[in-house]
Amino acid sequence: MRRDFLKLCSLAGLGVAVPRTLRAADKETPPYEGPYYVVFNASGGWDTTYLMDPKGINEINRLYKEGDILTHGAHKFAPTEKTKDGGMSNEEFYAEFGKELLAVNGLDYSVNNHSPGARYMATGKLDSLAYPTFAALVAACKGPDCPLSYLTFGNYSNTGNLVAMSRVPYLPSLKKVALADHVEGNERSPYHEGFVMDRIEQALAKQHESVGAQPQLPRLERAENMLYAAQVSSKALQRVVPHIPASVPKERMSQQAEIALASFKAGVCVSANLTIGQFDSHANNDRDQMKLIPEFLAGIAYFIRRAEELKLREKLVVIIQSEMGRTPDYNKGNGKDHWSIGSALFLGPGIKGNRVIGATDEKQMCKTISVQNLALDEKGIRMRPEHIHEALRQLAGIDQHALAKKFPLGVKPGEMLKGLWV
């Protein structure tokens, strides 16, 4: 029996997708083949003027002037090659990915506190604690029976009770979970020989069939469900093992990337929520942002390059965001405080790159846009997270799914963004 599987899941913070009903004909879940959805979170609030929404006026920043702002195709961005502290400069990032990137500027978060801001950007709903993140919703719609359908490494991660929240913090933990029938995840030390495992599986299948045909108390039915989920999920998770790298990356986002990509490649995962924190630069904004933004971009680049090596890139939808921006002025500690206007980046299949939608003015206030052609329009709307999330649901093809309809975003038909992705 998979006696240690559920215990390992608990120790690793791992959730398991449990079959919704007991069915004797259930077998190992076939591999999920994409698309795969990954959300990168700059937790704490990034300074967008040092990335995709540069401002060289009104002393909004101190590291460059208006004449220093760089362009790559349709994109404008802050120069960081000379001021970054490690990681990847904006110049390098846009040179490699600019033609694929869609930048959205002038997002109105309506609030400037971390918790509601993170929730709003993750779910598209500001005034409810019940809504799932987009990553959880798309996992529930597209692969609810995948063992690691929704992976999360932090930040706001609510599931809306639609799908299991899976947490695998370290690569060694992933191997232990994938090889739950082996001592400490050691491939050479199985608890049982192969023929014994076959016998156990046959016995469990017979037991499952006989028990499933009988009425049970809810508690007993749940226990049987959990045992069966452990049996089926354990076998499916073994597909992850060949894709776990032998060496563990030192960078914090790179390790998250390897866990998510191994799970994607094995077909046991639909979406992943990656994050690094400490962006809340109330003091020494320039120093901190020049360390964190380059680290963040390097982690994203690592993920995309590894996805290409694994032949997953063409199926990878990437969302890059934060829960807030930073103020257009500095405080007495050379820091910047919370600002309720920000930006996001997107790339992947179905998303036309080399484009910028929306803008902020010289005081870093958002400009309104036309929902018809997405051009700046004084009579247009203030773009908010629910507009983006409604469009994301459409991009993923889940906007009409019963689970999506269970969590409406309240965007009026006349406010739907037309052509955001193309």
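Predicted model: local features only at pLDDT ≥ 70, side-chain atom pairs only at ≥ 80, totals over all residues.
**Helix 3 and its surroundings**
- Eight of the ten residues of helix 3 are buried, so this helix is largely enclosed by the rest of the structure.
- Those buried residues are Pro-116, Gly-117, Ala-118, Arg-119, Tyr-120, Met-121, Ala-122 and Thr-123.
- They pack against strand 4 (102-108), helix 4 (134-142), strand 8 (316-321) and helix 10.

**Helix 3 against helix 10**
- The axes of helix 3 (residues 114-123) and helix 10 (residues 385-396) cross at roughly 30 degrees and come within 8 Å.
- Helix 3 and helix 10 are therefore roughly parallel to each other.
- Helix 3 contributes Tyr-120, Met-121, Ala-122 and Thr-123 to the contact, while helix 10 brings Pro-385, Glu-386 and His-389.
- Sorted by class, this contact has four nonpolar, two polar and one charged residues.

**The largest nonpolar core**
- This core has 109 residues, and Phe-40, Phe-93, Phe-296, Phe-303, Phe-346 and Leu-420 have the most contacts inside it.
- Helix 9 (residues 285-309) supplies the largest share of the core, ten residues.
- Beyond its neighbours within four places in sequence, Phe-40 touches Met-253, Leu-274, Phe-296, Ile-300, Phe-303, Val-318, Ile-319, Ile-320 and Gln-321.

**Helix 5**
- In helix 5 (residues 171-178), the buried residues include Leu-171, Ser-173, Leu-174, Val-177 and Ala-178.
- Viewed down the helix axis, the buried residues of helix 5 fall within an arc of 155 degrees, so they line one face of the helix.

Note on methods: Residues numbered from 1 in each chain as written. Heavy atoms only, no water. Core = buried A, V, L, I, M, F, W, Y, C linked by side-chain atoms within 4.5 Å. Buried < 20%, exposed > 50% of the residue type's maximum accessible area, 1.4 Å probe, protein only. Helix = DSSP H or I, 4+ residues; strand = E, 2+ residues; numbered from the N terminus. Contact = heavy atoms within 4.5 Å. Arc of directions from axis to C-beta. Axes fitted to C-alpha atoms, helices over the stretch in contact; angles between N-to-C directions. Parallel < 35°, antiparallel > 145°, perpendicular 65-115°, else oblique. Nonpolar A, V, L, I, M, F, W, Y, C, P; charged D, E, K, R; others polar.
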